[in-house]
Amino acid sequence: MNKVRDFLKRHSILGAILLYVAATTIIQVFGSVFDILIERNLNSYPGSLVSILLSFLTLWIFKRIFKPDYDGALHLNGILKGLLYIWPLELFFITLIFAFNPDNDVITYLVTAVWAGVNEEVCIRGVALAFLTYHFREQKHVPLILWGTSLVFALTHIPNMFIGGSVSGTILQTISALGLGAMFAASFMRTGTLWPAIIIHSLNDFLVFMASTGTTSETVGVNSSAFDPSSFLEVLPIYCVYIAVAFFCIRKTKREEIVNLWNKKWGNENE
């Protein structure tokens, strides 16, 4: 552990990339292997549940590597405050509830949504973003960390076009993910707890899935329908609100508070 920690402390961007790849490998590859061994297929309930457990194990390993410097990402303090930072998405949930498709498989979409929410939040923000705050502790670095990790989060949705989603639909999802990722990152950076992002991310995916009319793979890939410019113009203001809220959460007057919070989470080292 000491050699790994020393290497990561000497390399910022490379360390973040390696940690992200390692976290993704632990969660997705081992979860898929479990699927094949137990159910003889991919994306089964047992495999998804194992992947969720592996996500939390990954956070524990990350904390263990940097013990005693880093105090972790799953504190209960700050959950309500963190939820407030994601309020535009919570308002949007109201419209999704009324769009529920009663023919959808609730259990399938619930497990898929929680799997995606926990997995993505842990890898992108719980590991990569948290690690970057160790290396970059000046106020000018706050927006770079937020938007850099949010862009990576958005780009990770591009492969969805290969599992049932259309190219245009995936592009729309990628743009949406940029705004959502920015709000999730802002919530994490302002509170130091990942729970609000995990909860709202999972709930958002579940509600979107339940409002869909396609198969599971089509839903994950943002449906296979053609791109509708009018629909994009309708939702564009929503994405702009997401981005605006993220900007507001990390405005200049709050960056000193953010830096102090993360210095504290890292044991004031390098302060």
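Colleague: Hi! How many helices and how many strands are there in the chain?

Modeller: Hello! The chain has 12 helices and zero strands, where helices (H or I, at least four residues) and strands (E, at least two) are DSSP runs numbered from the N terminus. This is a predicted model, so local features need pLDDT of at least 70 and side-chain atom pairs count only at pLDDT 80 or more, while totals for chains, interfaces and linings use all residues. Residues are numbered from 1 along each chain as its sequence is written, and side-chain values use heavy atoms, with hydrogens and water left out.

Colleague: Nice. How many cavities of 30 Å³ or more does the structure hold?

Modeller: One. A cavity is a set of points on a 1 Å grid over the protein atoms alone where a 1.4 Å probe fits but cannot get out, and lining residues have an atom within 4 Å of a point.

Colleague: What volume does the largest cavity have?

Modeller: About 90 Å³, taken as the space filled by probe spheres set on the points, with grid points joined across faces, edges and corners.

Colleague: And which residues line the largest cavity?

Modeller: T133, F136, R137, E138, V142, I145, M189, I258, V259, W262 and N263. Two elements, α7 (141-155) and α12 (252-265), each give two or more residues to that lining, and α12 supplies the largest share, four residues.

Colleague: Changing topic: what percentage of the residues of the chain count as buried?

Modeller: Of 271 residues, 47% are buried, meaning under 20% relative accessible area with a 1.4 Å probe, protein chains only.

Terms used. On a 1 Å grid over the protein atoms alone, a cavity is a set of points where a 1.4 Å probe fits but cannot get out, and a pocket is an open set with protein on both sides within 12 Å along at least five of seven lines; lining residues have an atom within 4 Å of a point. Buried means under 20% relative accessible area, exposed over 50%, partly exposed in between (1.4 Å probe, protein chains only).
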